Amino acid sequence: MSVTRPFATRQLPFFLTAPTPCPYLEGRMERKIFTRVERDQTAHLNNILTHAGFRRSQSILYRPACELCSACKSARIPVADFTPSRTQKRVLKRNAGLLRLPRPAEAMPEQFALLSRYLNTRHGDGDMAGMDFFDYASMVEDGAEQTEMVEYRDAAGQLIACVLVDRLIDGFSLVYSFFAPEHARDSLGAYIILDHIERAKAENLPFVYLGYWVQGSPKMDYKAQYKPLEVLEPEGWRTLQPPGDAQN
């Protein structure tokens, strides 16, 4: 990130990035406000700042601070009120044979091999293309005080998908997921979200946090398919009711 100036608080220094092209909405510029935290601070600050619209990436907690746009909104699913659509029920059924295995947030070569295949197939021109194992280890392990790498394996034990998950006081925050590209038709990205809704229910946790919802962005607009979805506005969390709302 390109830093312009610090923002001092009683506890943490915050920084503002220089404007860069928005990766979600063409023709717009983005800025972020962020802070770096030590590992022994991460869990506490991650809980507080997630509720204020921040997102974790390694030991950085950030949120959008764009001057002319407020399209990025923190999104979460209230799991007690969630009812899967017909399409989502089919996704759950299609992947019912997968075994969920929460692991410590430690980078493993098998996971990295899966991530490399995923990036090369689906995001070859993205910011993460060309990651080496040390980059992957930083992504998984830096700032990961209350974090798991959840693996999904088939009946033969083959690794099919992974998701890096932060455990918050009121739910799970899904940091990053990836899966075997040859299983793209199984909607594994959707399955990981749906499975963590079920996991949150089983553990009496009220929310699953999805990062940012950006209306009009093909990369992020899919999150509106999880209903009800709550988004963070200046006045607090509200239920999203997008135009043309309809169940599948």
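**View 1. Strand β13 and the lining of the largest cavity.** In this predicted model, β13 provides three residues to the lining of the largest cavity, which is the largest share from any element. The elements that give two or more residues to this lining are α1 (39-50), β6 (55-57), β8, β12 and β13. Sorted by class, the residues of the lining comprise five nonpolar, six polar and three charged ones.

**View 2. The centre of the largest cavity.** A search of the whole structure finds two cavities of 30 Å³ or more, and the largest of them holds about 100 Å³ of space. Fourteen residues line this largest cavity, and those closest to its centre are Thr-50, Phe-54, Arg-55, Ser-173 and Gly-211.

**View 3. The largest nonpolar core.** This core has 52 residues, among which Leu-115, Tyr-136, Phe-178 and Ile-197 touch the most other members. At least two residues of the core are supplied by each of the helices α3 (109-122), α4 (133-141) and α5 (188-202), and likewise by each of the strands β8 (72-78), β10 (147-153), β11 (159-168), β12 (171-179) and β13 (207-214).

**View 4. The surroundings of Tyr-136.** When neighbours within four places in sequence are left aside, Tyr-136 is in contact with Ala-107, Met-108, Gln-111, Phe-112, Leu-115, Met-131, Met-149 and Phe-178. Among these partners, Leu-115 and Phe-178 belong, together with Tyr-136 itself, to the residues that touch the most other members of the largest nonpolar core.

Methods. Residues numbered from 1 in each chain as written. Predicted model: local features only at pLDDT ≥ 70, side-chain atom pairs only at ≥ 80, totals over all residues. Heavy atoms only, no water. Core = buried A, V, L, I, M, F, W, Y, C linked by side-chain atoms within 4.5 Å. Buried < 20%, exposed > 50% of the residue type's maximum accessible area, 1.4 Å probe, protein only. Helix = DSSP H or I, 4+ residues; strand = E, 2+ residues; numbered from the N terminus. Contact = heavy atoms within 4.5 Å. 1 Å grid on protein atoms, 1.4 Å probe; cavity = no way out; pocket = protein on both sides within 12 Å on 5 of 7 lines; lining within 4 Å. Points joined across faces, edges and corners; volume = space filled by probe spheres on them. Nonpolar A, V, L, I, M, F, W, Y, C, P; charged D, E, K, R; others polar.
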